[in-house]
Amino acid sequence: MVNFLDDQRATRQMAGLLADFDKRLKALERTTQGAHSSIEGGSLDVYDSDGTYRGSVGIQPDGSMAVAPVNAPPPPTPTTPSVAPVLAGLVVSWDGLWDDAHAAPADLARIQVHTGPTAGFTPGPATLAGAIGNAAGGSVTLAIEGYTPVWVRLMAVNTAGVLGPASAAVSSTPRQAVGGDLLDGIVSELKIAAGAVTAAKVAVAAIDARALADAAVTAAKIGHAAVEAGKLATGAVTAASIAANAVTAAALAAGSVTAGSLAANSVTAGALAANSVTATKILAGAVTAGSLAADSVVAGKIAADSITGREIRALAVTAAHLAANSIEATHLRAGVVEATHIKAAAITAGKVAADAVTAGTIAVDAVTARELRAGAVTAAAMAAGSVVAGKIAADAVTAGTIAADAVTARELRAGSVTAAAVGPGAIGTEQLGVGADGNLIADGGFEGQTAAARLPTGTGWSIVSGGNGSPRAAMVDCTSATAVDRTHTLGTLRATPGMKVWLSTDYRVSADWAGRSVTVYVRWEDSGGATLGYSTVSSASGAAGAGWLTMSGSPTLVAPAQAVTGRIRIAATDVTAGTVHYDNVVCRIVVASAPGGARAELAPDGMRVFDAEGEPAISLVAGARNFLTLSSDGVAVATIDDTGSAGFASVAVADDLTIGGTPIGARLAESARGIVAMSHQHTAVTASAGELGFVELSFEADTERMYRIVLDTYADPAVAGGELVLLLRDGGSSTPKITSTQIQSRIYPLDSGGWQAVRMELVRSGRDLGAGLHRILSTFQVQSGPSGQSVRLFGAPEYPGLMYVEDVGPRIADTGVYNTGGGASTPPRKTYDKVYNAAWSGSYGGRSSYTPSYGNQLMQGYYSSTHGTFASLFGFPPALATDLAGAQIERVLVYLYFEHWYSSSGGKAVLKAHKHSSRPSTFSSDTESMTVSWSRNQGKWVDITSIFDSTTWRGIALDPGSSTSTYYGRARGVGEGYAPKLRVIYTK
C-alpha cells in the first residue's frame, strides 16, 4: 500500500535535483565566454550594445578571411587642403587634422581628393582625382588637363566604405610653359637628326624655287607621286632631261603628265620603262599624235588596262605610231577604243597580237560586217548569249550554221517557227513536251494517238473501250501457257540520284485472272542501260473481279547514285489467264528536302515528314494512313495516330472540350454542382406569437436540376413550453413576404428553456419550382406556448447559423407510389437511361427512292442534278420499341458524326423523327424538325427531346429539303466508325 513516507521520498529527490541544477548554473556563469573556442569554416557576427549588426570576423562569402565592418558611422571632415601649382598640374597637401574631431578614427582607410570646376561642386565618382593614404597627412600631385582654375575638396572614407562630409573647397591654376623655357636658337642644324624633317613637318608651299639649289632635286630625293602636274612648268620635261627608263609608273602622280608638259616627240620608247604608262598617269586628251615618236608605243611600255578613251585625242593613234604586235588584250580596258580615236585603216592585222581582241575590248556596235572576215566568227569566238535577235541579218541562220541540239525552246521566240522553216521529219516524239499538268506520262488516260502509237505490237497490249469514267483504257491479255510478265513502257524521265516518284493507276482485274501481281513502276538505269533498281507500287490482294480499283503511293526506293534514266512501266507479272485494264496512269516527281534521314516530302497525295532515323513522323496524305507526331529536341511530346487516338503533354481548350460526343460541361452537369447560394447568421432575431421573417436567400433554378434548400440554425425559447414553427416561403422573382407561397415547414417542441439546434430541409426539382429566379424566405413563430412566450433564432461567430441552396444533380423523375403494405399496390416506376446503336441507315436521292450506291452513308442536301436533294434515314433495333412501350420519355439525345460538309467551316443538319422499323424503299418522316450546326469531322450528342416526343418514333431523318450548300453534308452510317446512337432516358 502507499503511505506518506513515499511522498517524503519523492520530495527529497526533487530537492536534490534542484540543488544540482543550481550548482551547475553558478559554475556556468563564472566561466569565461568563448574560452577555448574557434570558428570552423564560417564567421562570427559582431553587434553593438544597441543590437546593430557591425560586421563579421572569419571566412567571408568570397572565401577570404577578413574582418568585414558594416554599418559604421561616417568619418569626420578633413581640414581645408593646401594647393600649389606645378607645370600642367597641382600639388594637394593635407595636414592630418579634422574640422570636427580631435583625432583620426580607428577605421580610417584614406583621404579622397576631388577636383571640380566651381567651389560648390558635389564630389562623386566622376570628380575623384587621387588619394592620400597616410592618416597623419600627406601630399599628392595631380595631372590637370588645361590651364583654367580648378577647385579641390577632401573627403575621408573608412574601412566600411562609408564617406564622410567634404572639406571646404580651395582653388588653384596649373602652370603653363613660357617662352623663357627655350633659349633663342637653341634648335640648330646639329640639333636636328638626319631624316627628322619629314613631309609631315614641312608646311604647305614651304619649299619654293629659291630654296632649291641647282640640280638639288635628284631621283632619290623625290617621294612617291611627289611630282604632280602643278609642280612642272610647261615644257620643262624634255627628251634630254629624261634618262632611259627613268620615268616609271611609281614616279608619276595621277594626271601629272599633260600635253603641255611633253615636248614634241619627247616620249620615245627608250624613255619609257616597261609598264610605266598607266591610266592614272595620263590626263584626258594628253596623248596626241605630235607627242608620240614613230614606233614609240611598243607592247612592253603599256601597263595592263592603261589606255582608255579618256587619254586619247581624236585620230591620235595612227599606223605609224604602232609597232608590230604592240597592242595586246591586256593593254585595252573594256570598250575604250572608239571609232573617233583611230584613223581609217590604222589598225591592221599586223598591229594586233593573237587573241588580243576580247569581249571586254570591243565597244558597243564596233564590229560590223565590214570588219569580219568570212568564217571569222566561230563557236569558240562567241560568248554565251552574245547573239541576240538584233545581231542576226535576214536569212543569216541556215541549216549548215546550226549545231546539233543547239536550238531549244528557250531560244525560240513565240511564233518564230513557221511551216516553211521546219524541215521534213524535224519534229519527232522526242521533240514534243509531255505532261503539261506535271504528269511525266503523255496521255496516261489512253485517249489519244500518243498512247496508241507507243503500244508494243504482238505482246497482248491494246486500247479498248470502257475506261474508269472515260471512253478508253489500255488492256493486256494475260493468256499464256506458261507464266510470263506483260510490261508496257509509257515513257522515260531523266533521273538524278536520290529522285523519288509518286505513281498511281486505276486498274481492273478480270475474275478469271491468274498471276502474281499488277504493278506500275519505274526502272532505274545507268548510262549504259543496265538496271539499278525498281520503284514499284503493287495492287492489293483480292482485286480479281472487284471492278475498278486504284493503287498509288511513293515507293521507298529512290533513284540510285548512278541512275541517269527512269523507265516508267505498267505490268502484270507471272500471268497465265485473264485480262487487266489500266487507266489514268500518273508519274510525278516527289519534292523532298533530302534523299533520306530527316526530311520532308511533298507528293500529289499529300505531305510526309520523317525523323532523323528515317521513320515517318507526320503523314498527311489522301487515301492512306494519316498521323502526326510533334517533337521537341528529338523527343515526342504529342501524337495523333491513324485511328484518331491522341496523346498530349497537356491540353488547353478555348472552346468546348467534347468527350465521346458529349461536351465536358454536359458530363460535369450530370454530377452535383454543390452549393449555389449560402448565408451565415451571427446575430439573433426574436419572434413571439406572430410569424416573423428570418433570412432571405435567392438563386436561379434550372428545370433539369434538383435542389436542396436547408435552414440549419439555433433556437432559444424564453421559457419552456409551446412549439417552434419553421417555414420556407417562395417569393419567386418578387420580394418574399410572410404571406408568400409556403413550400416547406418544420415544428420543434420547446420542452426545455435551453437553446437547441433546429433544421429544416426541402428537396425539389427546378421543374417543380419553376425556371428562373427564386427569392426564398425562412420564417418562424411560436405557437401553443405559455402567455408571453418568445423564441429567438440565432448564430454566433464560433457557431454560426446557416441557410443554403445546393444543386444535388440532374432532375430525377418522381417514381414512388403509395403502398399500404397489404401486398396489392402498383409497383413503383423506375428511371432508365439506355443507349441504342443504329441498326440500319441509308440515303435517298431526290428525297424519294433509296440510293444503293451510297450504301449506309447518310447524305443530306443538294450536290448535283444526278440525285437532286438528298435525304437520309437511320433507325434502331426492335428493343427500342419494346422498351418505350408504356414508358414516359424524359429525355432523348442522338449521336451523329459528320465527316464532310460542302464548306470547310461546317454546315447545318435538319433532324426529324420517323416511325420506320427497318429501312424503307422510299423516304418519309415527320414534319416537325430542328436545325443543328456541325463542324467537319465532328461527332456530338444533341438533345432531340422536342421532336422525339412520342414512344412511337423509331429513328431519325436528315431532311433539309433545300438545295443551299449550307445543308450539303455526309454523316457516318451503320458499319462505319462513329455510327449513329440514340440515348433515351425514360420511366416505366
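The legends below describe several close-up views of one predicted model.

Residues are numbered from 1 along each chain as its sequence is written, and side-chain values rest on heavy atoms, with hydrogens and water left out. Because the model is predicted, local features need a pLDDT of at least 70 and side-chain atom pairs count only at pLDDT 80 or more, whereas totals for chains, interfaces and linings use all residues.

View 1. Helices (H or I, at least four residues) and strands (E, at least two) are DSSP runs, numbered from the N terminus. Of the 988 residues in the chain, 35% are buried, where buried means under 20% relative accessible area, exposed means over 50%, and partly exposed lies in between (1.4 Å probe, protein chains only). The chain exposes about 55,200 Å², and carbon and sulfur atoms supply 55% of that area, computed by the Shrake-Rupley method with a 1.4 Å probe, counting only the protein chains shown as cover for residues. Among contacts (heavy atoms within 4.5 Å) between residues at least 6 apart in sequence, 73% join residues at least 24 apart.

**View 2. The stretch of residues 428-433, where the pLDDT is below 50.** The pLDDT is the predictor's confidence in each residue, from 0 to 100. The chain averages a pLDDT of 81, and 71% of the residues score at least 70. Over residues 428-433, by comparison, the pLDDT is below 50, and beyond near neighbours in sequence this stretch has two contacts in the model. Where pLDDT is low, the predicted coordinates should not be read in detail.

**View 3. An open sheet of three strands in the order β4-β5-β8, with antiparallel pairing.** Two strands pair if DSSP finds at least two bridges between them. The edges are held by β4 (82-86) and β8 (138-143), each with a single partner strand, so one side of each is left without a neighbour in the sheet. From one strand to the next the twist averages 20°, an angle taken between N-to-C directions on a scale from 0 to 180 degrees, using axes that are lines fitted to C-alpha atoms (for helices, over the stretch in contact). Strand β5 (residues 89-94) pairs with β8 in the antiparallel sense over six bridges, and Val91 stands opposite Thr141 in β8. In the loop between β4 and β5 lies Ala88, which has a positive phi of about 60° although it is not a glycine. Most residues other than glycine have a negative phi. At 29% relative accessibility, Ala88 counts as partly exposed.

**View 4. An open sheet of four strands in the order β14-β19-β16-β17, with antiparallel pairing.** Here β14 (484-494) and β17 stand at the edges with a single partner strand each, so one side of each has no neighbour in the sheet. The twist averages 25° from one strand to the next. Nine bridges join β14 to β19, and in β19 the bridge partner of Val484 is Val575. Strand β16 also pairs with β19 (residues 565-575) in the antiparallel sense over nine bridges, with Arg567 in β19 as the bridge partner of Arg523.

**View 5. Strand β16 (residues 517-525) and its hairpin with β17.** Nine of the nine residues of β16 are buried, so the strand is largely enclosed by the rest of the structure. In a regular strand the side chains alternate between the two faces of the sheet. In β16, Ser517, Thr519, Tyr521, Arg523 and Glu525 point one way, while Val518, Val520, Val522 and Trp524 point the other way, and all are buried. Seven bridges join β16 to β17 (residues 531-538), and these strands run antiparallel, with Val520 opposite Val537 in β17. The hairpin has five residues between the strands, and Gly529 in this hairpin takes a positive phi near 90°.

**View 6. Thr639 in strand β25 (residues 635-640).** Thr639 is partly exposed, with a relative accessible area of 32%. Leaving aside residues up to four places away in sequence, Thr639 touches Leu628, Thr629, Ser645, Ala646 and Gly647. The C-alpha atoms of Thr639 and Leu628 are separated by 5.6 Å, and these two residues are eleven residues apart along the chain.

**View 7. Two cysteines, Cys478 and Cys587.** Cys478 is buried at 0% relative accessibility, and Cys587 is also buried, with a relative accessible area of 0%. The structure holds zero disulfides, a disulfide being a pair of cysteine sulfur atoms within 2.5 Å.
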